[in-house]
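Dear colleague,

Please find below the sequence and structure that I am handing over to you. My notes on the findings follow directly after them.

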Amino acid sequence: MLNITHAKAMKNRVSIYWDFENVRVPDRAECLIDFAQSRGDLITKKVYSHWRRETSASEYALDGVGFDRIDVQEEFENSADLQLESDCLKELFSSLSPDIIILVSGDKDFAFLVRQLQRYQKQVIIFGRQGVTSYKLILLADEFHFAEELCQLVA
């Protein structure tokens with residue numbers, strides 16, 4: 001028989017990495033948190049953008065559910081993508097390496113990251129936007145959903 005303490009210790013660790021420049025759905029942030037928590041213990045909630053360009057309403061919605069907003073340098077193209085990828089790989093090799101990574105983006109440039117995560121037996125769940133998500137990314141994901149349908153998944 002499995003005791004409760006042991007069962008809790010076996011719960012998956014989940015991390016969210018959100019490319020906000022690619023998928024702007026701040027009104028779905030709370031549903032994203034609920035979805036992640038339904039999969040395990042949420043250990044990381046990071047969202048990347050050039051925050052000076054974003055609305056205060058978006059910032060407020062994300063802050064309200066505890067996202068760590070990462071402000072990226074504007075001097076390089078794809079700087080948000082590069083910072084997200086770097087942070088995700090650092091966590092992959094840390095002592096708190098997640099079992100499940102939720103990537104919120106539809107950008108085909110993340111195909112390499114997805115393959116790296118899967119190479120280390122991480123489950124990759126991707127949320128992209130309808131009509132703009134790379135088909136390659138959809139095919140690579142262990143599980144794929146459209147961000148517009150996120151709240152329906154946790155209802």
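In these notes, buried means under 20% relative accessible area, exposed means over 50%, and partly exposed lies in between (1.4 Å probe, protein chains only). This is a predicted model, in which local features need pLDDT of at least 70 and side-chain atom pairs count only at pLDDT 80 or more, while totals for chains, interfaces and linings use all residues. Residues are numbered from 1 along each chain as its sequence is written, and side-chain values use heavy atoms, with hydrogens and water left out. Helices (H or I, at least four residues) and strands (E, at least two) are DSSP runs, numbered from the N terminus.

Helix H3

On one side of H3 (56-64), the residues Ser56, Ala57, Tyr60 and Gly64 are exposed. The buried residues of this helix are Ser58, Glu59 and Leu62. Because they fall within an arc of 95° seen down the axis of H3, these buried residues line one face of the helix; the arc is that of the directions from the helix axis to the C-beta atoms. They pack against E1, H2, E2 and strand E3 (68-71). After H3 comes Gly66, with a positive phi near 85°.

Nonpolar cores

A nonpolar core is here a set of buried Ala, Val, Leu, Ile, Met, Phe, Trp, Tyr and Cys residues joined through side-chain atoms within 4.5 Å. The largest such core has 23 residues, of which Trp18, Leu32, Phe67, Ile102 and Phe127 touch the most other members. Two or more residues each come from E1, H2, strand E4 (100-104) and E5, and H2 gives the most, with six. Contact (heavy atoms within 4.5 Å) can be followed from Leu32: leaving aside neighbours within four places in sequence, Leu32 is in contact with Ile16, Trp18, Phe67, Ile102, Val104, Phe127 and Leu150. A second, separate core of 21 residues includes Tyr17, Leu103, Leu117 and Leu137.

Salt bridges

A salt bridge is counted where a side-chain nitrogen of Lys or Arg lies within 4 Å of a carboxyl oxygen of Asp or Glu.

Lys11 and Asp41 form one of them, at 3.7 Å from N to O. This pair links distant parts of the chain, 30 residues apart: Lys11 is in the loop between helix H1 (4-9) and strand E1 (13-19), and Asp41 is in strand E2 (residues 41-49). Lys11 is partly exposed at 40% relative accessibility, and Asp41 is partly exposed at 30%.

In the salt bridge between Arg24 and Glu54, the closest N and O atoms are 2.7 Å apart. Here too distant parts of the chain are linked, with Arg24 in the loop between E1 and helix H2 (29-39) and Glu54 in the loop between E2 and H3, 30 residues apart. Arg24 is partly exposed at 44%, whereas Glu54 counts as buried at 12%.

Asp63 and Arg69 meet at 2.8 Å, N to O. Salt bridges that share partners join Glu59, Asp63 and Arg69 into one network. The relative accessible area is 40% for Asp63 and 26% for Arg69.

A backbone detail

Gln121 has a positive phi of about 60° although it is not a glycine. This residue is in the loop between helix H5 (111-119) and strand E5 (123-128), and Gln121 is exposed, with a relative accessible area of 68%.

With kind regards
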